[in-house]
Amino acid sequence: MFEHRQPIMEKLMKEDEDFRRIFNRHQELEEQVTAAELGTAPMADLALNQLKKEKLFAKDRLARIMDAATA
């Protein structure tokens, strides 16, 4: 995620607690979604879709923070 923006992401991970918290939550959601899709942690489609929405929302927030940091 955001491989092309690695330097700013690393800087924000060190300096911005909110960014770090959102990033960690995104990673947790990624693991849960992957487990559900692989069948290792089955869940209802509605619950999976909700996780995907939350993950996308977190990714959007991370992108906005990075955009603001580079502006």
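Author: Helices (H or I, at least four residues) and strands (E, at least two) are DSSP runs, numbered from the N terminus. The model is predicted, so that local features need pLDDT of at least 70 and side-chain atom pairs count only at pLDDT 80 or more, while totals for chains, interfaces and linings use all residues. Residues are numbered from 1 along each chain as its sequence is written, and side-chain values use heavy atoms, with hydrogens and water left out.

Reader: How many helices and strands are there in the chain?

Author: From the N terminus on, the elements run α-α-α. The C-alpha trace spans about 40 × 20 × 15 Å along its principal axes. The count for the chain is three helices and zero strands.

Reader: At what angle do helix 1 and helix 3 pack?

Author: Axes are lines fitted to C-alpha atoms, for helices over the stretch in contact, and angles run from 0 to 180 degrees between N-to-C directions. Angles under 35 degrees count as roughly parallel, over 145 as roughly antiparallel, 65 to 115 as roughly perpendicular and the rest as oblique. Helix 1 and helix 3 are therefore roughly perpendicular to each other. The axes of helix 1 (residues 6-15) and helix 3 (residues 45-70) are 10 Å apart, and the angle is about 100°.

Reader: Which residues of helix 3 make the contact with helix 1?

Author: Contact means heavy atoms within 4.5 Å. By class (Ala, Val, Leu, Ile, Met, Phe, Trp, Tyr, Cys and Pro are nonpolar, Asp, Glu, Lys and Arg are charged, and the others, Gly among them, are polar), this contact of helix 1 with helix 3 has six nonpolar, one polar and no charged residues. Helix 1 contributes Ile8, Met9 and Leu12, and helix 3 contributes Ile65, Met66, Ala69 and Thr70.

Reader: How far apart are the axes of helix 1 and helix 2?

Author: The two helices pack at an angle of about 110°, and that makes helix 1 roughly perpendicular to helix 2. Met9, Leu12, Met13, Lys14 and Glu15 in helix 1 meet Glu17, Phe19, Arg20 and Phe23 in helix 2. By class, this contact of helix 1 with helix 2 has five nonpolar, no polar and four charged residues. The axes of helix 1 and helix 2 are separated by 6 Å.

Reader: How many charged residues does the contact of helix 2 with helix 3 have?

Author: Helix 2 and helix 3 pack at an angle of about 150°, with their axes 9 Å apart. That makes helix 2 roughly antiparallel to helix 3. By class, the contact of helix 2 with helix 3 has 12 nonpolar and two polar residues, and the number of charged residues is 10.

Reader: Which residue meets Arg25 in a salt bridge with an N to O distance of 2.9 Å?

Author: A salt bridge is a side-chain nitrogen of Lys or Arg within 4 Å of a carboxyl oxygen of Asp or Glu, and a search of the whole structure finds seven salt bridges. Arg25, at 30% relative accessibility, counts as partly exposed. The side chain that Arg25 meets at 2.9 Å is that of Glu54.

Reader: Why does the salt bridge of Lys55 and Glu30 tie together separate parts of the sequence, and how many residues apart are they?

Author: The side chains of Lys55 and Glu30 meet at 2.7 Å, N to O. Lys55 lies in helix 3 and Glu30 in helix 2, so the parts tied together are separated in sequence by 25 residues.

Reader: Which residue forms a salt bridge with Glu37?

Author: Glu37 lies in helix 2 and its partner in helix 3, so the pair ties together parts that are 15 residues apart in sequence. The closest N and O atoms are 3.0 Å apart, and the partner of Glu37 is Lys52.

Reader: Is His26 buried or exposed?

Author: His26 lies in helix 2. Not counting residues up to four places away in sequence, His26 touches Met1, Lys55, Ala58, Lys59 and Leu62. At 5% relative accessibility, His26 counts as buried.

Conventions:
Buried < 20%, exposed > 50% of the residue type's maximum accessible area, 1.4 Å probe, protein only.
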